[in-house]
Amino acid sequence: MHMSRARFRWAAVLAGMAVLAPAVPARAGGPAGEYLLTLAPQHGPASTWRLWCDPDGGTLDAASQACDQLAAADGEVARIPARPGPCTLEYAPVRVTADGAWHGRPRHFARTFPNRCVAVRETGGILFGE
């Protein structure tokens, strides 16, 4: 069977595209980010929220704003800039944790702060409520 040069070129182009197509990262069916957020005071009950990004949702009231902050920080809570503002000097330790994944990469953040206000502000003011 004889193939014209034009058809041969198109066949070569299509074959090349088929080889390259798997190299392009495809978005798996799930969200870009998934987190379990916990704020645990030294005395008293802990608060827990679930957060999904892209599509934004979960049990956190400000999911869209939280996802915007995480997107700017590549999913790393420690890279979210602090939200300026005053806090009392009260000593009532709280531990915050964020466990999850961002674009398939595991993410973990855990830190103890002197009080809830400091914890909220130091983590950008949204993730752990205010």
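# Sheet, core and salt bridges

Visitor: Which residue in β2 is the bridge partner of Thr38?

Guide: Strands (E, at least two residues) and helices (H or I, at least four) are DSSP runs, numbered from the N terminus. β1 and β2 run antiparallel and are joined by seven bridges. In β2, the bridge partner of Thr38 is Thr48.

Visitor: From which number are residues counted along each chain?

Guide: This is a predicted model, in which local features need pLDDT of at least 70 and side-chain atom pairs count only at pLDDT 80 or more, while totals for chains, interfaces and linings use all residues. Side-chain values use heavy atoms, with hydrogens and water left out, and the residues of each chain, as its sequence is written, are numbered from 1.

Visitor: What pattern does the protein follow along the sequence?

Guide: The protein contains three helices and five strands. Read along the sequence, they give the pattern α-β-β-β-α-β-β-α.

Visitor: Which are the edge strands of the sheet?

Guide: Strands of a sheet pair through backbone hydrogen bonds, either parallel or antiparallel. Here the five strands form an open sheet in the order β3-β2-β1-β4-β5, with antiparallel pairing. Two strands count as paired if DSSP finds at least two bridges between them. The strands that pair on one side only, and hence stand at the edges, are β3 (57-58) and β5.

Visitor: At about what angle does α2 run to β2?

Guide: Axes are lines fitted to C-alpha atoms, for helices over the stretch in contact (heavy atoms within 4.5 Å). Angles run from 0 to 180 degrees between N-to-C directions. α2 lies across β1, β2, β3 and β4, and its angle to β2 is about 70°.

Visitor: Which residues of the largest nonpolar core touch the most other members?

Guide: A nonpolar core is a set of buried Ala, Val, Leu, Ile, Met, Phe, Trp, Tyr and Cys residues joined through side-chain atoms within 4.5 Å. In the largest one, with 26 residues, the members touching the most others are Leu37, Leu51, Leu70, Leu127 and Phe128. At least two core residues come from each of β1 (33-41), β2 (47-53), α2 (63-72), β4 (94-102), β5 (105-113) and α3 (116-122). To name the five residues again: Leu37, Leu51, Leu70, Leu127 and Phe128.

Visitor: What share of the 130 residues counts as buried?

Guide: Buried means under 20% relative accessible area, exposed over 50%, and partly exposed in between, with a 1.4 Å probe and protein chains only. Of the 130 residues of the protein, the buried share is 32%.

Visitor: Is Pro84 buried or exposed?

Guide: Pro84 is placed in the loop between α2 and β4. Its C-alpha atom is separated by 8.6 Å from that of Gly124, 40 residues apart along the chain. Because its relative accessibility is 73%, Pro84 counts as exposed.

Visitor: Which residues are linked in a network of salt bridges?

Guide: A salt bridge is a side-chain nitrogen of Lys or Arg within 4 Å of a carboxyl oxygen of Asp or Glu, and the structure holds three. Asp74 meets Arg105 at 2.9 Å, N to O, and also forms a salt bridge with Arg107, with the closest N and O atoms 3.4 Å apart. The side chains of Glu76 and Arg107 meet in another, at 3.3 Å. The network therefore links, given that Arg107 is buried at 11% relative accessible area, the residues Asp74, Glu76, Arg105 and Arg107.

Visitor: How many residues apart in sequence are the parts that Glu76 and Arg107 tie together?

Guide: Glu76 is partly exposed, with a relative accessible area of 27%, and its side chain meets that of Arg107 in a salt bridge. Glu76 lies in the loop between α2 and β4 and Arg107 in strand β5, so the separation of the parts tied together is 31 residues.

Visitor: Which two residues does a cis peptide bond join?

Guide: Most residues other than glycine have a negative phi, and most peptide bonds are trans. In the loop between β2 and β3, Asp54 has a positive phi of about 60° although it is not a glycine. Pro55 lies in the loop between β2 and β3. The cis peptide bond, with omega about 10°, joins Asp54 and Pro55.

Visitor: What is the phi of Asp74?

Guide: Asp74 lies in the loop between α2 and β4 and is partly exposed, with a relative accessible area of 31%. Although Asp74 is not a glycine, its phi is positive, at about 50°.
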